[in-house]
Amino acid sequence: MRTATYFFIFLNLSLAVFEEPAVYPLPFLVTSLVEVLCLLVFFGRLTHFAKVTLRNVFWKDTKNICIMVAILLSLTDLAIYGVLRIYNVRSIRWSRIVRPIFLINFAESRQIRRAFRSIRNTLPEITYVFLLFMFSLLMFSLMALKLFGERNLQTAEGLPYFKNYLEIVFDLYVLVTTANSPDVMMPAFDFSSWYALFFIAFVIVNTYIFMSLFLAVVYNNYKKHLKVTFGGLNCD
């Protein structure tokens, strides 16, 4: 039973690869039939669990409620999407975001649920570090706007360079990952090589210091909650 449950959960999550927009598109009829089959299996598993559980216990368990709501939302979204396709109305499958609920809330997923709970308990404790990082990012973006915004610089594509504050925030946020390095600084560097110091300082502060601090806080708090969770507390 556990193996079958995990198989259909995996099959249900894998539909995102084959549904529009898809990596390997399949006809809507095929993906919808597979999804209905998965939902029927989930409903059967839930019904089986209800048969062997006291009624008041079953209905007080939020995991069962979440699964039932996820099944209803998925079926409703599937029906609406199918009707809109008949009338050639373009829409999206918004119920995809509820599919991980099946992975988390089935009784067999106790370990996943404990890990998810540890992550959830860790989030409030890393808020202060995240706010400090965002403050640093916003301040560096403001400095970049003042440094480069009035220089009439252009990117390699001929677009204005660091003219819009929100675009600067996004570009510097990407720079934290070094995904756009050194391209993002080349227009400023071509104007004056001294401007490279701004980007070097940004990377040192935000990539090396803040990201290391952020990772350390996340790791320590997650490890602490994980020890509490697996230390004998009843987390179900």
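**Exercise 1.** Describe the chain over residues 126–145 and then over residues 165–182.

*Solution.* Over residues 126–145 the chain is 95% helix and 0% strand, with the end C-alpha atoms 29 Å apart. Helices (H or I, at least four residues) and strands (E, at least two) are DSSP runs, numbered from the N terminus. Over residues 165–182 the values are 67% helix and 0% strand, and the end C-alpha atoms lie 20 Å apart. An unreviewed UniProt entry lists "transmembrane region" at several places, including 126–145 and 165–182; UniProt positions follow the numbering used here, feature names are shortened, and annotations may be inferred rather than shown by experiment.

The model is predicted: local features need pLDDT of at least 70, side-chain atom pairs count only at pLDDT 80 or more, and totals for chains, interfaces and linings use all residues. Residues are numbered from 1 along each chain as its sequence is written, and side-chain values use heavy atoms, with hydrogens and water left out.

**Exercise 2.** State which residues Phe162 touches.

*Solution.* Leaving out residues up to four places away in sequence, Phe162 has contacts (heavy atoms within 4.5 Å) with Ala144, Leu145, Phe148, Gly149, Ile168, Asp171, Leu172, Val184 and Phe199.
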